[in-house]
Structure formats: structure tokens, C-alpha cells
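Subject: Structure handover

Hello,

Here is the structure I promised to pass on. My notes follow below it.

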Amino acid sequence: LINEAGGVIAISEATRNWAIDVCKHNPKDVHIVLHGVSSAFADGTDNMEHISKVRSEFRLPQDKILIGLVGSIEKRKGHDLLLKAFASMDRNAKEKAHIIFVGSDKSKNQKNKEWMLKEVSNNGLEDYVTHIQYTTSVKDIYQALDISILPSRQEGFPLVVIEAMMANCCVIRSNTEGAYEQIEQGVSGYVFENENVKQLSCYLEEVVMNDERRQQIAKAGQERALRLFTNDVMAKNTYNVYEKLLNK
């Protein structure tokens with residue numbers, strides 16, 4: 001975003017660097033305002049009756065730890081990485097959990113969905129995966145999840161991470177753009193090296209097998225999201241940038 005006062009607003013450190021390196025803006029003129037989402041994602045996260053109802057409506061297991069990946073079906077999002085990581089976990093961990101893919105295939109002839117289902121089969125996980133087409137009830141889906149994974153190979157500043165944190169999910173994501181601005185490693189979530197299936201599997205197994213640890217991280221993530229990543233915080237920070245530029 002560029003205004004007449006000559007300032008540029010970037011949504012992350014990565015986009016700030018892009019504005020400087022590619023667009024050749026003066027570093028002092030590039031200001032970071034991190035994206036925010038509605039704090040409504042946090043509403044009702046302790047309502048277990050509602051969460052149970054959502055699981056029933058979408059035919060999700062009531063007695064499993066639900067691991068969700070919310071995003072369009074495409075290789076860039078890393079569905080295959082999550083499947084490989086899950087498949088390599090200890091058997092006891094696998095039996096405690098279930099994967100939920102939430103998102104649609106926008107490719108011609110549903111080729112991406114075909115690819116995803118083949119990856120499910122190749123990893124022997126037909127009984128461990130449920131696919132839900134994108135739904136306007138995504139807030140409810142987040143709240144029904146225990147763990148949210150974003151194994152993307154490429155991202156900008158993905159809002160699904162913030163939404164999941166807000167909804168009290170334990171979040172694990174790849175170290176693509178925005179990762180360490182969103183997550184304090186080991187405190188409010190976990191960040192793994194892009195495409196490092198072994199590392200993802202280790203983090204995933206840890207939070208599946210340790211309920212207290214998983215819930216601790218989820219709570220810290222929600223608190224961080226409410227403090228730093230709401231629409232109100234984003235609006236306030238944007239206003240402060242404009243006020244600073246106009247007062248030059």
C-alpha cells in the first residue's frame with residue numbers, strides 16, 4: 001500500500017524486504033503493519049457442547065485429536081508433507097488422531113484433489129483422513145480442531161495461522177514468510193523447516209501425545225493472537241503510520 005506522503009505499508013518483514021530490494025523503496029519509508037483477523041474467532045472456544053455438535057454435523061470423530069489443514073488443495077499447501085509426517089509417527093500417536101483437510105480444488109478436472117487422494121492412499125491413511133469442501137462455517141471447524149498445521153512450501157503472511165491461533169488451536173507451520181512474526185517458537189506454536197517431514201512429524205507427535213503441552217501452546221497462541229493480530233490492532237497501527245507520515 002502506497003500513499004501520497006510517500007510511505008509504504010508492508011504486511012510482514014518479508015514483504016518489507018521485497019519492497020526495498022525489488023521495488024527499490026527507501027528502507028525508512030517502508031513500515032510494517034501486520035495483518036489481523038476478527039477477534040470473533042475466539043468466541044465460544046470453551047463451549048464443549050458446541051464443539052461436539054460441530055464434530056457431529058461434519059461427521060468428525062468425537063474421540064480423536066483432530067489435526068486440520070485449512071487451505072485450497074494444491075501442492076504448494078503441502079498436504080502431502082502432512083500426510084507423510086503423520087504416517088511416520090508412532091502407531092500409538094496415529095491411533096489417537098485424525099486429519100481434516102478443509103478446502104476446495106480450483107484446478108481443472110479436479111486434478112489436485114486426485115493428487116491429494118493418491119497421497120492419502122500411498123501413505124495408507126484412508127481411515128485417518130476426512131476431506132471437507134470449503135465452508136462458510138470455517139470458524140466452527142477451527143474451534144472443533146485441536147491442532148492446526150500449515151505445511152506450505154510458499155506463503156506470504158497466511159491468515160489461516162492467525163485464525164487458528166485465535167480459535168485456540170495448537171499451531172504448527174513451516175518457516176515460510178511470516179512464520180516468526182506469527183509464532184514464538186515453542187511457546188505459542190512450532191515452526192519447522194520447509195519440507196522437513198521428519199521435524200514436522202516430531203513436533204506433531206509431541207503435541208498429539210502430550211495433552212497438557214498441546215493445550216498450553218494453544219492457550220499461549222490464542223493470547224498472542226488477541227494481543228497482536230486483531231482487526232482493531234491492525235487498524236490502530238495503520239492509523240499510526242498515516243499520522244506519522246502526515247505530520248512529516
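A polar contact here is a pair of N or O atoms within 3.5 Å; within protein, one must be able to donate a hydrogen and the other to accept it, and residues adjacent in sequence count only if both atoms are side-chain atoms. Helices (H or I, at least four residues) and strands (E, at least two) are DSSP runs, numbered from the N terminus.

This is a predicted model: local features need pLDDT of at least 70, side-chain atom pairs count only at pLDDT 80 or more, and totals for chains, interfaces and linings use all residues. Residues are numbered from 1 along each chain as its sequence is written, and side-chain values use heavy atoms, leaving out hydrogens and water.

Helix 2 first. N47 caps the N-terminal end of helix 2, with a side-chain oxygen 3.3 Å from the backbone nitrogen of E49. Within helix 2 (residues 48-57), I51, V54 and R55 are buried (under 20% relative accessible area, 1.4 Å probe, protein chains only). They sit on the same side of helix 2, because they cover an arc of only 100° around the axis (taken from the directions from the helix axis to the C-beta atoms). The buried residues of helix 2 pack against strand 3 (65-70) and helix 6 (138-144) (contact means heavy atoms within 4.5 Å). The face turned away from that buried side carries E49, K53 and E57, which are exposed (over 50%). Just after helix 2, R59 has a positive phi of about 55°.

Next, a helix pair. In helix 3, H79, D80, L83 and K84 meet W115, M116, E119 and V120 of helix 5.

Best regards
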